[in-house]
Amino acid sequence: MSIMAEIAIVFGVCLVSEGIAALLPFTFPASVISMILLLALLLSGIIKERHIDRVCRFFVGNMAFFFIPPCVGIIEHAETLAACLLPFLVISILTTPVIYLVTAWVIQLMMAARRKKEVSSHD
Amino acid sequence: MTDAILSSPFFGLAVTCLAWCVGLWVQKKTGLVLCNPLVIAAALIILLLVVFRIPYSSYKQGGDLISMMLGPVTAVLALNIYNQRKLLREYFLPVVVGCLAGCLTSIGSILLLCKFLLVEESIAVSLMPKSVTTAIAMAVAESQGGIPGITAAAVLVAGSVGAMFAPLFAKAFRVTNPVAEGIAIGACSHALGTTKALEIGPLQGAMSSIAICICGIITSVLTLFL
């Protein structure tokens, strides 16, 4: 598949998602819609992996690059951020282990319950 | 001539690509998680703008063209989840319930702390999606009236914390199940954490990349109800 065709597919999915986002009665990020839409197209077999393979590898491989401009945008909000730097850091750092703890233990408990069930059904 | 250069979108494009290459080079030389190429590149550009008194709007012309691509960047995450569909089917319920619990904890703890620390509303909204991958987090923050730049910074801090301390968390919280470990890393520190999860093990890495997508979807849905 030509690289331009691959790009056209990915951009097309994004374009359709913008349309869907505009139709929705609530504000929902178009980029998340495009991810769900592309996943649905892949799962249904309408789009095959080889149709978007190279574009995907390029975008995923260089992902962080695309976040540079929004990060530079902080310059416009320097005062707001400086005014709340401490709470900003406290919240960003402290909540991370809490999320880890809850997520991991919910899954561990569910898996343990599933194993128990399997064992008892074997008896 | 200076005016012509500064008013061209190529200014932002060229500067960003160059700064990114410098960032990659520094990361390679030092090998430190903190020397993230994104942080270095953004810091270099900010420094350039401040030192030479270049208005942000000159940079923004080219910069906007790059951030426009965040849409496609998020879309192609679908291929990640598609490639892991077998694993996802096998552990579907624990994974989805675990991600849901993680997202609820994330949003709940952030809102609670924001209230407790008397953080401004616009900052609170910007912090809320900080545990999901940057592209989705910024889109969520923007649609809720937050400041994308602050979200990007918070996402970066959370991701670095996860990437640095993930093995320590597993030990401290006695997490032994590889599926639980992988999902937890992805849920609290998205793609940056996933790089660490891949080092810990292939199953952890795969689970972590599944968590990026699922948590992204769950978080954007949950914020609709706030």
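Biologist: Leaving aside its neighbours within four places in sequence, what is B:A78 in contact with?

Modeller: B:A78 is in contact with A:M35, A:L38, A:L39 and A:L42; contact is C-beta atoms, placed from the backbone, within 7 Å. It's a predicted model, where local features need pLDDT of at least 70, side-chain atom pairs count only at 80 or more, and totals for chains, interfaces and linings use all residues. Residues are numbered from 1 along each chain as its sequence is written, with chains lettered from A and ligands numbered from 1 in the order written.

Biologist: How many residues of chain A are in contact with chain B?

Modeller: 64 residues of chain A, against 84 residues of chain B.

Biologist: And which element gives the most on the chain A side?

Modeller: That's α6(A), with 22 residues; helices here are DSSP runs (H or I, at least four residues), numbered from the N terminus. By class, that side of chain A has 51 nonpolar, eleven polar and two charged residues.

Biologist: Switching topic: which residues touch the most other members in the largest nonpolar core?

Modeller: A:I68, B:V76, B:A78 and B:I183, out of 109 residues. A core is a set of buried Ala, Val, Leu, Ile, Met, Phe, Trp, Tyr and Cys residues joined through C-beta atoms within 7 Å, and buried takes 20 or more other C-beta atoms within 10 Å of a residue's own.

Biologist: Which helix gives the most to this core?

Modeller: Helix α11 (residues 148–172) of chain B, with 13 residues.

Biologist: What are the domains of chain B?

Modeller: Domain 1 is 2–68 and domain 2 is 77–225, with bounds from an automatic or database assignment. Their centres, taken over C-alpha atoms, are 27 Å apart.

Key: Two residues are in contact if their C-beta atoms, placed from the backbone, lie within 7 Å. Helices (H or I, at least four residues) and strands (E, at least two) are DSSP runs, numbered from the N terminus. Ala, Val, Leu, Ile, Met, Phe, Trp, Tyr, Cys and Pro count as nonpolar, Asp, Glu, Lys and Arg as charged, and the others, Gly among them, as polar. A residue is buried if 20 or more other C-beta atoms lie within 10 Å of its own, exposed if 12 or fewer, and partly exposed in between; C-beta atoms are placed from the backbone.
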